[in-house]
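User: I'd like to go through a structure with you, starting with how the chains meet. Could you keep the answers plain?

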Amino acid sequence: MNPLAQLFLARIREFYREPSALFWTYGFPILMALALGLAFKDGSGKAIPVAVVDGPFAAERVAILSADPGLIVKTVASENASWLGGGMLLEIGGEEQLVYRFDPTHPDAMAAKRKVDDLLQRAAGRRDAVPTKDQLVQARGSRYIDFLIPGLIGMNIVSSSMWGIGYNIVEARKRRVLKLLSATPMRHGDYLLSFILARLVFLLSEVIILMLFAVFVFDVQIQGSLLWLSAVTIAGAMAFAGLAMFIASRTNNTETVSGLINLVMLPMWLLSGVFFAYSNFPGWLHPLIKALPLTILLDAMRAIINEGAGTAQVIGPFAILSIGGAVFFYLAVKFFRWT
Amino acid sequence: MDTKPSAVRVRGLVKRYKSLIAVNGLDLDVVQGECFGLLGPNGAGKTTTVEILEGILPYDEGQVEILGRTWADGRKLRQRLGIALQETYLADRLTVLETVTLFRSFFAKGRSPKQVIELVGLEEKQDTWAVRLSGGLRQRLAIACALVGDPELLFLDEPTTGLDPQSRRRLWDVVLDFKSKGRSCILTTHYMDEAEQLCDRVAIIDHGKIIAEGTPQHLIGTLGGSQVVEFESSIKMDEAFCKSLKGVSTVSSFDKRWRLSVTAQNETVPALIDALRAKGATLTHLATRQASLEDVFISLTGRALRGDS
């Protein structure tokens with residue numbers, strides 16, 4: 001009969017009885033990880049489709065290229081025929097002079113051209129000046145999936161905090177549930193705290209599920225301490241929970257809060273390096289990007305998971321996220337409107 | 001009556017919304033054990049007044065005392081009140097029992113959730129999500145939440161607006177049962193029959209002011225007659241004509257229809273027919289009934305309660 005426990009139970013029940021909330025929290029990030037993880041899993045393993053234009057040299061070229069397992073070789077009757085729905089990356093034509101036809105903006109076409117050219121030149125008698133040997137290395141923590149998983153966890157923390165707290169509070173205000181509750185002897189703090197406690201439970205479950213998935217399906221390894229990873233993740237989640245509560249502290253319009261949530265989330269999703277490193281953005285943007293809370297969280301998480309960062313590197317981001325969260329909570333409670 | 005402790009005491013209450021004055025110098029006294037009704041059309045200031053009494057809205061001027069306390073020491077007072085807002089939506093995906101249990105947890109003492117659910121007749125729906133209840137059942141759930149803290153004073157803001165007759169009856173029974181235990185109740189309504197059924201005293205509010213106050217019988221008595229005759233005729237008659245008829249105390253009209261408060265229908269109706277015949281007019285409409293609070297409101301304001309035309 002403890003009011004906080006009852007409010008907490010209500011939060012948990014409302015959550016698991018909402019199928020779409022379950023999907024966006026658990027299903028969606030796993031599907032994203034699966035899709036992106038598989039797409040970028042092993043760039044070297046894919047066979048490259050190439051076409052040889054029929055002619056006096058065609059049979060010989062097909063024989064040379066077919067011997068390489070990395071190529072799928074097809075013969076086409078005339079030049080340019082292969083682009084029409086063939087999905088070819090490279091067309092090999094010409095007679096005495098080799099003619100390569102390809103799209104230079106396609107990232108795999110250049111590699112295909114280099115590979116095919118090497119094979120044909122060597123078969124024609126070219127000797128490499130220096131003998132070479134490829135040694136393929138997959139360093140732990142350096143694969144795309146290692147980069148992606150912390151990104152997806154961070155993205156998930158942001159969106160589930162924002163929607164789970166921000167949207168639900170505004171909807172409760174819009175439907176005058178807040179007004180009714182504030183007319184009972186309920187402590188206002190208990191109500192807000194129930195959102196935070198429920199968020200912690202959901203956070204733990206969503207991070208653990210996604211991490212287990214990453215470890216078992218993609219062989220991601222956590223190099224640093226689990227304790228620090230948990231601490232940073234919780235601090236990040238609390239920062240976003242506080243931000244969500246602040247955003248939701250006054251409005252009773254669900255469209256307004258949806259707009260505000262997107263306004264806060266979109267720049268972070270784009271800039272903070274969820275899917276690709278923010279080092280791709282121009283240098284003058286970096287100080288701004290590094291000030292975004294999601295960037296702070298993602299950098300810390302990646303440092304712990306992929307580089308085994310310890311207390312010295314992580315305590316700063318942890319403190320910033322914690323203090324930020326506390327400030328947002330303070331502001332949210334100060335401005336909170338019940339009616 | 002003055003010896004009974006006060007449930008609600010209001011003096012000179014004023015509430016302004018920017019340019020609009022919602023409550024304009026309102027005085028109110030409700031004693032414990034009384035069921036008091038606030039009546040009036042939409043926009044008259046009923047809900048604003050009640051929400052000020054409930055400690056939800058701040059007010060600009062005046063004094064408000066609830067159960068002998070002011071809202072300055074709010075939380076203790078809340079333990080003793082039960083509140084159902086106008087059109088409350090509760091959490092969609094909590095069951096009836098879960099919702100009432102949640103509300104019970106806010107109160108230091110109270111009744112068992114199951115007992116209250118039975119009281120409002122929701123025991124067969126106790127495991128149903130609130131979102132799947134009809135409007136009438138959802139309103140009963142809201143009342144159950146208001147009753148679960150075993151309040152001394154119950155506030156109901158338009159508890160039966162839009163409900164089916166069966167749900168209205170059921171809610172009336174719940175209120176009458178609550179009242180029979182000597183508890184106090186304040187309700188707003190624009191259904192006159194509801195006020196007559198439930199309330200010991202009523203106040204009629206218009207434009208943020210109380211324009212009449214008393215027992216339903218007393219207010220109906222001010223009309224001068226306990227019965228009403230309504231008529232329309234082929235030729236429009238004037239007020240002098242209506243007042244000249246036997247047994248008529250007050251008259252009012254809207255459109256072509258005249259409404260007469262009379263002491264005895266069986267004397268006025270034959271007189272009306274004879275008088276019309278003498279003028280060569282015929283009756284196009286005739287109705288007789290007992291006078292109600294609706295008639296009081298019309299005679300006070302010249303307007304019908306529902307609708308603003």
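User: What area is buried between chain A and chain B?
Analyst: In this predicted model, the area buried between chain A and chain B is about 2500 Å², and carbon and sulfur atoms give 64% of that area.

User: And how many residues does the contact take from each chain?
Analyst: Chain A contributes 25 residues to the contact, while chain B contributes 27 residues.

User: How many salt bridges are there across the interface?
Analyst: The rule finds five salt bridges between chain A and chain B, and A:Arg13 forms one with B:Glu98, where the closest N and O atoms are 3.3 Å apart. The rule also finds nine residue pairs in polar contact across this interface, with both residues at pLDDT 80 or more.

User: Which helix gives the largest share of the side of chain A that touches chain B?
Analyst: That is H1(A), which supplies six residues. By type, the residues on that side of chain A divide into 11 nonpolar, six polar and eight charged.

User: Switching topic, what volume does the largest pocket have?
Analyst: Its volume is about 1000 Å³, and of the 39 residues that line this pocket, the closest to its centre are A:Glu14, A:Glu18, A:Trp163, A:Gly164 and A:Asn168.

User: Where does the largest share of the lining come from?
Analyst: Helix H5 (144-174) of chain A gives the largest share of the lining, 11 residues, and helix H3 (96-106) of chain B is among the helices that each supply at least two residues. The lining residues divide into 23 nonpolar, eight polar and eight charged.

Notes. Residues numbered from 1 in each chain as written. Chains lettered and ligands numbered in written order. Predicted model: local features only at pLDDT ≥ 70, side-chain atom pairs only at ≥ 80, totals over all residues. Heavy atoms only, no water. Contact = heavy atoms within 4.5 Å. Buried area = accessible area lost by both parts, 1.4 Å probe. Salt bridge = Lys/Arg side-chain N within 4 Å of Asp/Glu carboxyl O. Polar contact = N/O pair within 3.5 Å; in protein donor to acceptor, adjacent residues only side chain to side chain. Helix = DSSP H or I, 4+ residues; strand = E, 2+ residues; numbered from the N terminus. Nonpolar A, V, L, I, M, F, W, Y, C, P; charged D, E, K, R; others polar. 1 Å grid on protein atoms, 1.4 Å probe; cavity = no way out; pocket = protein on both sides within 12 Å on 5 of 7 lines; lining within 4 Å. Points joined across faces, edges and corners; volume = space filled by probe spheres on them.
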